[in-house]
Amino acid sequence: EGEEMNTDEFNEGDKVLYVPHHAAGNKSHPDCEHGIVSSKNEVNVFVKYFTKDGGLKLHAQATSPDDLVKP
């Protein structure tokens, strides 16, 4: 089912792109979000996503590594 990512492949400070399941791998889907990895655990990568005006949100969001790609 595509290449499964795990949290080992992400490090603090990495730029990532969140691609939701319904986007079916389309990296230009309007629901995709750019962010920066702030931390991780065995299950999730915690990402601070960018706001519409280009700033970073204050709180990181737990995100499945399967939904993240490195741009």
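K57 forms a salt bridge with E33, with 3.8 Å between the closest N and O atoms. A salt bridge is taken here as a side-chain nitrogen of Lys or Arg within 4 Å of a carboxyl oxygen of Asp or Glu. K57 lies in the loop between strand 3 and strand 4 (61–63) and E33 in strand 2 (residues 33–40), so the pair ties together parts that are 24 residues apart in sequence. Strands (E, at least two residues) are DSSP runs, numbered from the N terminus.

The model is predicted: local features need pLDDT of at least 70 and side-chain atom pairs count only at pLDDT 80 or more, while totals for chains, interfaces and linings use all residues. Residues are numbered from 1 along each chain as its sequence is written, and side-chain values use heavy atoms, leaving out hydrogens and water.

A search of the whole structure finds two salt bridges. In the other, the side chains of K70 and D14 meet at 3.4 Å, N to O. K70 is in the segment after strand 5 (68–69) and D14 in the segment before strand 1 (15–18), so this pair ties together parts that are 56 residues apart in sequence.

The table gives the accessibility of the residues in these pairs; buried means under 20% relative accessible area, exposed over 50%, and partly exposed in between (1.4 Å probe, protein chains only).

| Residue | Relative accessible area | Class |
|---|---|---|
| K57 | 34% | partly exposed |
| E33 | 27% | partly exposed |
| K70 | 42% | partly exposed |
| D14 | 18% | buried |

The largest nonpolar core has eight residues, namely M5, F10, V16, V37, V45, V47, Y49 and L68. Such a core is a set of buried Ala, Val, Leu, Ile, Met, Phe, Trp, Tyr and Cys residues joined through side-chain atoms within 4.5 Å. Strand 3 (residues 45–49) gives the most to this core, with three residues. Leaving aside residues up to four places away in sequence, V37 touches F10, N11, E12, G13, D14, V16, V45, F46 and V47, where contact means heavy atoms within 4.5 Å.

The structure holds one aromatic pair. Y18 and Y49 form this edge-to-face pair, at 6.1 Å centre to centre and 70 degrees between the planes. Rings of Phe, Tyr and Trp (its six-membered ring) pair if their centres lie within 6.5 Å; planes under 30 degrees apart count as stacked, over 60 as edge-to-face and the rest as tilted. The pair links distant parts of the chain, with Y18 in strand 1 and Y49 in strand 3, 31 residues apart. Y49 is buried, at 2% relative accessibility.

Notes. Helices (H or I, at least four residues) and strands (E, at least two) are DSSP runs, numbered from the N terminus.
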